[in-house]
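I opened my notebook to look up a few things, side chains above all. Here are the entries, in the order I made them.

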Amino acid sequence: MNQNLPEPSQKKWIPDGFHFLGPEDSKDRRILLETVSGVLKKKGYSEVFLPAFDYSSTFLQTVSAPDSSSLFRIRDLSGNEISPSIDLTVQAVKGMAGFSHQRENQNIFYVGRIFRESTKGSASRKEVLQIGAESIGVSGKENTFKILEELDEIVSLLPLENKLTLILGNVNLFQTIVQEFELGSNEIQIISALLYQKNVNEIERIFGEKKNHSDLIRLLSALVLNFDPDSLRNSLNIGSLSKDLQKSLNSILEETSWIFKSWESKKRKIDLCIDFSLLRDLNYYTGFVFQGYLQGSPDPVLTGGSYDHLYEMFSGVQRNASGYALVVNTLEASLKTPVPEL
């Protein structure tokens, strides 16, 4: 026996943020994954397997500056900087952008882990298991609605303790407004972060004294304070805006209204809410975005949206794309009972 090993009470057998599952928990997880993947296969998705590591530059192209510090980075023996995944969507779309896969099924799903460094002393998970689906070549309101219906079907099969609430936004609404006022990239980054935090007071403090920005502040405040397309349209006072801005905003609001009314037309397992200040990862999201929350959990159990320029980033060819990912760890913690075996 190695006499240098510490006593069990003195040693952490697994690093903070990582977890071991025993046989019973592993069995329950396998059934959960097979239940979700069964729905995806029925919907026409094909399974793909993602690499455990990728070039760090792959993730740095899309991750926001504050999030780049959470990326684990090492060098291989050839001197290349590589990282475990921090974003499975990026890897999936990048993989499908390879020439050899362009004639294959463009609806794919995967099970994979993301790894994020957390601040010292944080109890946050550093390893998160996700099951996600991507559709290359499609986005827009009809496809977003189709995705929401897929998620509703998946949720209907899970014995969740609490109802899932899905928050729907559209980053194009924000992008259209800031482009009208010709803001710089740094200003856009600051405003988007403050809007996501619903911190209108700070936006007013930073931009209130700038010339011609009173209308900008009014429009941004409306995004935070209104939670349905009709009330937002009234608060924006669209008739007072430029013709081009009117046209763009009306189009986005009509598409959002169509999704919401179509959703409300029948009973669903998921509650749908509108939040136009939901601005996720503007580095690659376009159009509709969404996050799903379960009562009692501060972190989203699902995320997704459209990313119409991500494929182009790796292939040079523009193709729309959209998808979503479910956070398996959060789902497991929210089940009343294990998912029954099919």
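Is Phe145 buried or exposed? I found that Phe145 counts as buried, at 12% relative accessibility. My cut-offs are under 20% relative accessible area for buried, over 50% for exposed and partly exposed in between, with a 1.4 Å probe and protein chains only.

A note on the ground rules before I go on. I am reading a predicted model, in which local features need pLDDT of at least 70, side-chain atom pairs count only at pLDDT 80 or more, and totals for chains, interfaces and linings use all residues. Residues are numbered from 1 along each chain as its sequence is written, and side-chain values use heavy atoms, with hydrogens and water left out.

**Aromatic pairs**

I counted rings of Phe, Tyr and Trp (its six-membered ring) as paired if their centres lie within 6.5 Å, with planes under 30 degrees apart called stacked, over 60 edge-to-face and the rest tilted. By this rule I get six aromatic pairs. Phe145 and Trp258 are edge-to-face, because their planes stand at 65 degrees, with the ring centres 5.6 Å apart. Phe145 belongs to helix H4 (residues 141-156) and Trp258 to helix H10 (residues 243-264), so this pair ties together parts that are 113 residues apart in sequence. Helices (H or I, at least four residues) and strands (E, at least two) are DSSP runs, numbered from the N terminus. Trp258 is partly exposed, at a relative accessible area of 33%.

I then turned to Tyr284 and Tyr307, an edge-to-face pair with 5.8 Å centre to centre and 75 degrees between the planes. Tyr284 sits in the loop between strand E8 (270-274) and strand E9 (286-294), and Tyr307 in the loop between strand E10 (302-306) and helix H11 (310-315), 23 residues apart. I noted both Tyr284 and Tyr307 as buried.

Back at Trp258, I saw that ring pairs link Phe145, Trp258 and Trp263 into a cluster. Which charged side chains sit over rings of this cluster? The charged end of Lys141 is over the ring of Trp258, 4.8 Å from its centre. Arg268 lies over the face of Trp263, 4.3 Å from the ring centre. For this I asked for NZ of Lys or CZ of Arg within 6 Å of the ring centre and within 35 degrees of the ring normal.

**Salt bridges**

Side chains of opposite charge can pair when their charged atoms come close. My rule is a side-chain nitrogen of Lys or Arg within 4 Å of a carboxyl oxygen of Asp or Glu. I searched the whole structure and found 14 salt bridges.

- Glu81 bridges to Arg73, with the closest N and O atoms 3.1 Å apart. Glu81 is partly exposed at 24%, and Arg73 is partly exposed at 43%.
- Lys126 bridges to Glu117, with 3.3 Å between the closest N and O atoms. Lys126 is buried at 18%, whereas Glu117 is partly exposed at 33%.
- Asp230 and Arg233 meet at 3.4 Å, N to O. Both lie in helix H9 (residues 229-236), three residues apart, about one turn of the helix.
- Lys42, Lys43 and Glu153 are linked in a network of salt bridges.

**Second largest pocket**

I took a pocket to be an open set of points on a 1 Å grid over the protein atoms alone, where a 1.4 Å probe fits, with protein on both sides within 12 Å along at least five of seven lines; lining residues have an atom within 4 Å of a point. The second largest pocket holds about 370 Å³ of space. How many residues line the second largest pocket? I found 19, and Arg29, Arg30, Leu33, Arg113 and Leu129 lie nearest its centre. Helix H1 (23-42), strand E5 (107-115) and strand E6 (127-136) each give two or more residues to the lining. H1 gives the most, with seven residues.

**Positive phi**

Most residues other than glycine have a negative phi. Glu182 has a positive phi, near 50 degrees. Glu182 is in the loop between helix H5 (171-180) and helix H6 (185-196), and counts as exposed at 72% relative accessibility. Lys198 also has a positive phi, of about 60 degrees. I located Lys198 in the loop between H6 and helix H7 (200-207), partly exposed at 37%.

Conventions
Grid points are joined across faces, edges and corners, and a volume is the space filled by probe spheres set on the points.
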